[in-house]
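Here are some notes to read alongside the structure. Please keep the view open while you go through the points.

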Amino acid sequence: MFRMKRKLTKLNMMGDKIRIGLVGAGKMGRGLIHQMSRIDGMRPSLIVDEIPEKAYESMLSTGVDPSDIIKTNSLSEAEIAIQKDKFVISEDFTLGYRLEKIQAMVDATGNPPFGAKMAYESLINKKHVIMLNVECDAVVGPILNMIAKKNGVVYTGSAGDEPGAIVELADFAVSLGFELLAVGKGKNNPLNYYITEDDIREEAISKGLYPKILTSFIDGTNTMIELNSVANALGFVPDKMGCHGVNTNPKEIADIFKLKSQGGILNQYGIVDFAFGMAPGVFAIVSSEAPEVKELMKYLSMGNGPNYSLYRPYHLTSLETPITIYDAIIEKEPTIVPLKGQIADVVTVAKRDLKRGEKLEGMGSKKVFGTLTTHEIQQRENYLPIALIGKTAELLSDVKKDEIITYDMVKLDEESTIVKLRKEQDRLGL
């Protein structure tokens, strides 16, 4: 009980603390900075952002004295600052794995190509990596996890993100002896595959989000990416391409997520999905063969069975990340990791007719959205995972609206870390 608080308090009393490097001072990064400022024994010693002023303002807003914030890209200056227990603001993420006192790197950028490069370089330099960048984890997580193991460090997704919250709920269910049948998340936003940032710009700004981020929420890509990470962690698959996405509520979902032969909608168990009416929570559908358990579940107002829903009505995004930071560094345990390999993939679908020679943009763009399918289908059909699309991606052929884009339709940046990692991951069969 209170294990994390006790151990961190003891560490702090001994004059030591966990020190992390955080990359990304946007909404998630800023929330994490504020939460860590309230936890004894834990410190965001290095904050990296391409706009250093954002990182600087985030630190000032926690009440840190300006004299304790050092802006530098110099390794020697950063080392001296951290030795004096000051905070370093930088544009150079490599400081994180070059600074001896930094124990882990946290990626809060949501940028898959950057996340792959940062994670790979940090892991081979024996730094733990905590990924709030689920977009990257969904496509190259298995090989990054393999690299982490080879280097004796932890690679993990974060508590508070829906994938982490789903796996925690699944772990709870399995630990109690239930049979785990299905897992998923609620969807906050309406679903419109063809939405563009121009349509929701004002709404995004009012919510403190980049328009492309809100676009990826509404067009479903973000939901597919999150379920992809869960699939890779549990070995579950989408029951159909793009999932069912039913309208329901916590009391009725267990009856809907039954097999078709039982009066439900599912072709199989062992699936990931999403549902309207469940946001902002996550859910797990479980069952038990034991009559005594069924009787007790009915007594506990959990329904008549045969399936039951376990529902967590919230997830606190980066405010929960300190738990993962602690577990990775002190307990050497991940929150969520792609243990089963690449089980599913979010593949690329055209939002409109596209022409040969166009630059292809990825998540949250005006050109494509992502949908979830099995890795087996992705490999067989040569579909392009959406997270591999970088700034230089170019179409090699015309594409019709709603057509799934394949590798041979696109010229990717073959020198980018994320493309190289995915090719090696596929070659190894991870």
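1. Is the crossing of α9 and α10 left-handed or right-handed? The crossing is right-handed, a term used if the near helix is turned clockwise from the far one by less than a right angle. Helices here are DSSP runs of H or I with at least four residues, numbered from the N terminus.

2. This is a predicted model, in which local features need pLDDT of at least 70 and side-chain atom pairs count only at pLDDT 80 or more, while totals for chains, interfaces and linings use all residues. Residues are numbered from 1 along each chain as its sequence is written, and side-chain values use heavy atoms, with hydrogens and water left out.

3. The axes of α9 (residues 197-206) and α10 (residues 211-218), which are lines fitted to C-alpha atoms over the stretch in contact, come within 8 Å and cross at roughly 110°. The two helices are therefore roughly perpendicular, a label for angles of 65 to 115 degrees on a scale that runs from 0 to 180 degrees between N-to-C directions. In α9, Glu197, Ile200, Arg201, Glu203 and Ala204 meet residues of α10, including Pro211 and Leu214, where contact means heavy atoms within 4.5 Å.

4. Helix α14 (residues 321-331) is largely enclosed by the rest of the structure, because eight of its 11 residues are buried, that is, under 20% relative accessible area with a 1.4 Å probe, protein chains only. Among them are Pro322, Ile325 and Tyr326. Lys332, which follows α14, has a positive phi, near 60°.

Note on methods: Buried < 20%, exposed > 50% of the residue type's maximum accessible area, 1.4 Å probe, protein only. Parallel < 35°, antiparallel > 145°, perpendicular 65-115°, else oblique.
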